[in-house]
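Colleague: I would like to learn how to read a model of this kind, feature by feature. Could you take me through one?

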Amino acid sequence: MNRTRELLILRPDNIGDVVLFSGCLEHIRRLYPDYRITLAVQPHIVNLVELCPWVDRVTGVRVRRRGRSLLSAPIQAVARGVDRLRSVFGNRYEVVLFPLKSPDPDQLVLLSNHAAPEVFGLTGCCVNAPEGGYPAALAPDKLCTHVHDISGADPWRHELATNLEYLEFLGSPVKDVRDIGPVVWLSDADHAFSRFKDSAPSPIVGVFPCSFDPRKNWGLDNYVNWAKSLEMVGTFVIFGAAADRNMASALADSLHEARPSVAVINMVGQTTLRQLAAGIGTCDILFSVDSAGLHLGIAAGIPTVGIMGGWHFGRFAPWGDPARHRIITHHLPCFGCNLMCHRQRHECLHAVTPSEVAACCNELLGVFYHKQPSDHRGE
């Protein structure tokens, strides 16, 4: 019997990782034109990629974090068994693509639930492996039928370079990271949501003050002192997730007090991911911590200033045109700690001063304000 061949792209990591991988989807479609392609991401990320024209279906998959569940061990075992049955008797994939450079064990458990005749993965990077290495049953070279060994590569080289190498491993002719730049697919309704720009005084300065990992965050006083030093600003727009509402509310009040003549719009917790991307794209500049918001700003083509430490410096930032996108950090010999800091605090981040950030924002606004920003790719 003839039936449609099925391919699964399993990408159960964070928003920023999916953003950086988005430009690869068109090239995967070209490699597998006759397959029905399913893209599996974490449930809260589905909205960001569900308009992608290069896949047939987007679904949510939840990574079951071991040791953090309220369920008893026997119930967790039953749940894992149900997942395996769903994999076997639900979608029967001929091909599974698992392009994670350094998966953690819980992500590998998820991969183990999706057996297929061909599974293409990566091996050789153990940045997120448990101490002592992966359990034998979860070793990537055991779960995958085809693995590309990247053990000889710098573990902190940029994620886009790893994505390009993975595409070449699959057989794609693409040779330049500029051909796999991140893409944001937006609807007319998403664009309509961001029309606050029509009435907001310019220039519009976007602020993304929080990361999902609080260790990557700056301090409220730093943002206030930064805002006081900005030379050109008509409106502050604060972006972020619902979990950041308390901090965003405090920041909005502080910005009102520090710059009473400047409008402040607080959009934290009020957007879908696509609306977030559209809103960021309407700003004249974005200032962000190490977060998905920073990647969305760079993908939108607006000038960006990001602050980050050295935990995985080089892997996710810097990228983009350095004339338009700046990263500020305090370089230390211990870069590459993967957030396993041996100091009392992340000095690489907290040594960055508000005056440094303000000077960088003032410079970029002086160069790019009033110039036409780059369009979103793939809208």
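The conversation below moves from the whole protein to a sheet, a helix and a single residue.

Modeller: Please keep in mind that this is a predicted model, in which local features need pLDDT of at least 70 and side-chain atom pairs count only at pLDDT 80 or more, while totals for chains, interfaces and linings use all residues. Residues are numbered from 1 along each chain as its sequence is written, and side-chain values use heavy atoms, with hydrogens and water left out.

Colleague: How many helices and strands does the protein have?

Modeller: Helices (H or I, at least four residues) and strands (E, at least two) are DSSP runs, numbered from the N terminus. On that basis the protein has 14 helices and 12 strands. Buried residues, meaning those under 20% relative accessible area with a 1.4 Å probe and protein chains only, make up 55% of its 379 residues.

Colleague: What is the strand order in the open sheet of 6 strands?

Modeller: Two strands pair if DSSP finds at least two bridges between them. Here the order is β9-β8-β7-β10-β11-β12, with parallel pairing; β9 (263-266) and β12 are the edge strands, each pairing on one side only. The twist from one strand to the next averages 15°. Within this sheet, β7 and β10 pair over 4 bridges, and V207 has F287 in β10 as its bridge partner.

Colleague: What span should helix α14 have?

Modeller: The expected span of a helix is 1.5 Å times one less than its number of residues. Helix α14 (residues 354-368) has 15 residues and should therefore span 21 Å, which agrees with its end C-alpha atoms being 21 Å apart.

Colleague: Which residues of α14 are buried, and what do they pack against?

Modeller: An α-helix has 3.6 residues a turn, so residues three or four places apart point the same way. The buried residues of α14 include P354, V357, C361, L364, L365 and F368. Contact means heavy atoms within 4.5 Å, and the buried residues of α14 pack against β7 (204-208), α9 (220-228), β10 (285-289), β11 (304-307) and β12 (325-328). Just after the helix, H370 takes a positive phi of about 80°.

Colleague: Is M267 buried or exposed?

Modeller: M267, found in the loop between β9 and α11 (273-281), is buried, with a relative accessible area of 7%. Leaving aside neighbours within four places in sequence, M267 is in contact with F193, F196, V237, I238 and F239.

Definitions and conventions
Buried means under 20% relative accessible area, exposed over 50%, partly exposed in between (1.4 Å probe, protein chains only). Axes are lines fitted to C-alpha atoms, for helices over the stretch in contact, and angles run from 0 to 180 degrees between N-to-C directions.
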